[in-house]
2 protein chains.
Amino acid sequence: MFKLQSLRVRLKNELKRFAWTTQIIGENISVQDNEIQEEYRFPYIWLRDNCQCSECFHTPSKSRIINAEHFDFDIKPQEIEVLESRLKVKWSDNHLSYFTISWLKNHRFSSKHQKYWLHNVYRPCPQPWRANEFSRILQRFNYNDVLKREDTLLSWLESLAIWGVALIKDAGVKENTLLGLCNRVAFVKHTQYGNIFGVKAKPGTSNVAYLSGPLQLHTDLPYYEYKPGVLMLHCLIQASENGGENQLSDGLAVCTDLKQNFPNDYKILANTPVDWSDIVEEDNKQYYSLYRAPVISENPNGDLVRINFSQPQRDSHFNIPLEQIIPWYKAYKRLVQTLHNPKYKVFHRLKQGDILTFDNLRLPHGRSSYDGERYLQGCYMDWDHVYSKMRILKTIAQNNQS
Amino acid sequence: MFKLQSLRVRLKNELKRFAWTTQIIGENISVQDNEIQEEYRFPYIWLRDNCQCSECFHTPSKSRIINAEHFDFDIKPQEIEVLESRLKVKWSDNHLSYFTISWLKNHRFSSKHQKYWLHNVYRPCPQPWRANEFSRILQRFNYNDVLKREDTLLSWLESLAIWGVALIKDAGVKENTLLGLCNRVAFVKHTQYGNIFGVKAKPGTSNVAYLSGPLQLHTDLPYYEYKPGVLMLHCLIQASENGGENQLSDGLAVCTDLKQNFPNDYKILANTPVDWSDIVEEDNKQYYSLYRAPVISENPNGDLVRINFSQPQRDSHFNIPLEQIIPWYKAYKRLVQTLHNPKYKVFHRLKQGDILTFDNLRLPHGRSSYDGERYLQGCYMDWDHVYSKMRILKTIAQNNQS
């Protein structure tokens, strides 16, 4: 009985040797998993470029150290074989590379696998929402949990990335609480308005956000090429009477629907550069910011990456040919009507101790007028660092699971 | 005699009344300068949108305060006339707008005027340079002059914007000098590496820039969507032996020439997203940065806005279809060869007290290996704030002239 078992184990190991085979197909090395009849193909130039040996790859920094200038882009494999779950390649210059099968599978060029990797590692896929879905999609997170629990922190950031808005509750009413929150994620984005700014009525202001009247829908700082990504508003004092509600419209939903229903208007808004500007003095420093970008900015895949919307900061200079002006205003009218349509626009009244967090690249936001005292503090973070933190938290969560 | 002169003045004033006339042409208001036979045409929707009255425009903040939601995009003029060098428009809702002729001329929709405005107010036009021009284009500025004189400060920033590189001399060898320099312009860009970072050999580093070997051409932080714009390197200690030269290649020149001579390779590099990544621990915080962007990033006009080049930070994950991999490497090979070609690549050895300032979005840079001690400090600024400062300085200079 014992002998039979031992024979079985040996046989299984022997078979494993043949479970993976490899061959050259064109300019690729093909690796086949014969057990499940799967084939993975890797261009050899890519394999050589990603050799994991210590001459080519610096493990502590997880970085390629191959010198591009002296790299042989025309290298070819001399010998290939799969040995003990590793692909071994001997190159035409006798250099040796080894790739574990699991590394190869993790880097396979299948569109399904790449999509999975991009959504799970790179950035989650944002989901549009309309006003009737707002109460469902607005997730609430307890401030202390966000500070103390990694899973709550990750859930908050994911919610923010997917829906563009999330609410933190019970943060108290201490000034500068936001700085601690930013520090929990990464660090604050400094702008000409400092690290943290107060939003309350200021007499003689040079910024329309500091008036107590209604603040119409806008996105902040469209006049920056590096426009702040995440905006956090901490409610320290809410107006005691009615009023002072925050207003939000999901630019992603609006753009998705415009693109489908009024493709010509959408195209005009996505292709016409607008001059966004701001001239201001803060802390004895003068700033004259100016950035040219369409109202709707897409990436080459046609995904929305940024919506620029701000009546006060749309410059009177409009540097496009005369004949494009009237069509642009017609398209802009459509956008304005859609953004303000109750199908999209929601009102939300913050309570003291609430922190409203949302995507300033995506959500035009405003505020109803109010009477009496009201005091919010605001600050920004860049998406670069928010996504970075999400990746770190996900890696920790995955390591804990396995 | 006195009477005749007075009559002449009256006649001249009388004629001026008729020097400017106005009429409606299609959906535009046309304003003619009859003296020089020039005509300027303004769509009326644009004029209404830019009404300068106190209901529509908040002068202290130089901002439009028209509420977009309630704006009548279909408004029409009822009456128009030019009165005392101002265009007066009475709108269909009886609202009145006045525009001075000089304001109108400053906003005219002529492509020549717009081009002038964009180059003079928005951003100067960058000029490519090749290695044989380097000694001519590398302008030197005295550190104290930069700190004390507005004209030197402006010249430095303009040189940086146009050529992508400029040298500040005699800054001394005190640590953190760069922070004062940033403060002179606007403020430092904070990254995961802090506000200011040291560049010297560090044992057990997790960043290849902190080794003393050669540092191949690269751009910093390609894994940020908000990649640092201006990089400043302050030489505190230069290696006493040979070595430690900075290396620079003008990405704008390289891309301009590639686009002309190898348009297919250029197109591949400009259209293929690459995964740039960095996993690092700094100050007890972990970062996992990842950004997808082509090696060559263009704006919709086809102008280079950013070159991403970094062997260590090009991720082994390459999320594009298999069949695009080999063509991409062929194009990349061309770029690598061009960047390192002595036609483009220059060596410059900093002296102690020098500050090398350059455009990290444009200039791949590296360093020759060195022996012994060498210590540089580096920090970043965003172009948003550098351009802002240039506009302020230009405005001051123009006001001083007039």
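Predicted model: local features only at pLDDT ≥ 70, side-chain atom pairs only at ≥ 80, totals over all residues.
Strands S15 (274-282) and S16 (285-293) of chain A each supply at least two residues to the lining of the second largest pocket. From chain B, strand S5 (63-64) and the helices H3 (101-106), H4 (111-122) and H12 (383-401) each do likewise. H12(B) gives the largest share of the lining, seven residues. The volume of the second largest pocket is about 960 Å³. Its lining counts 40 residues, and those closest to the centre are A:Ile279, A:Tyr288, A:Asp315, A:His317 and B:Lys62.

Two copies of a chain are related by a rotation about an axis and a shift along it. Here, chain B is superposed on chain A by a rotation of 180° with 0.0 Å of shift along the axis, at an RMSD of 0.0 Å. The two copies are therefore related as by a two-fold rotation axis. In chain B, the C-alpha of B:Tyr226 is the nearest to that axis, at 3.1 Å. Both copies use the same surface, since 100% of the contact residues of chain B recur in chain A.

Next come the sheets of chain B. Strands of a sheet pair through backbone hydrogen bonds, either parallel or antiparallel. One open sheet of chain B has three strands in the order S6-S7-S8, with antiparallel pairing. Strand S6 (77-83) and strand S8 (96-100) are its edge strands, each pairing on one side only. From one strand to the next, the twist averages 15°. Six bridges join S6(B) to strand S7 (residues 86-91) of chain B in the antiparallel sense. Within this part of the sheet, B:Glu81 stands opposite B:Lys88 in S7(B).

Another open sheet of chain B has four strands, in the order S12-S21-S14-S19, and its pairing is antiparallel. Strand S12 (215-218) and strand S19 (345-348) of chain B have a single partner strand each, so one side of each is left without a neighbour in the sheet. The twist in this sheet averages 20° from one strand to the next. Strand S14 (residues 246-249) of chain B pairs with S19(B) over four bridges in the antiparallel sense, and B:Ser249 stands opposite B:Lys345 in S19(B).

For chain A, an unreviewed UniProt entry places the feature "domain: Gamma-butyrobetaine hydroxylase-like N-terminal" at residues 37-104. That span of chain A is 15% helix and 41% strand, and its end C-alpha atoms lie 16 Å apart.

Note on methods
Residues numbered from 1 in each chain as written. Chains lettered and ligands numbered in written order. Heavy atoms only, no water. Least-squares fit on C-alpha atoms with pLDDT ≥ 70 in both. Contact = heavy atoms within 4.5 Å. UniProt positions renumbered as here; feature names shortened; annotations may be inferred. Pairing = 2+ DSSP bridges. Axes fitted to C-alpha atoms, helices over the stretch in contact; angles between N-to-C directions. 1 Å grid on protein atoms, 1.4 Å probe; cavity = no way out; pocket = protein on both sides within 12 Å on 5 of 7 lines; lining within 4 Å. Points joined across faces, edges and corners; volume = space filled by probe spheres on them.
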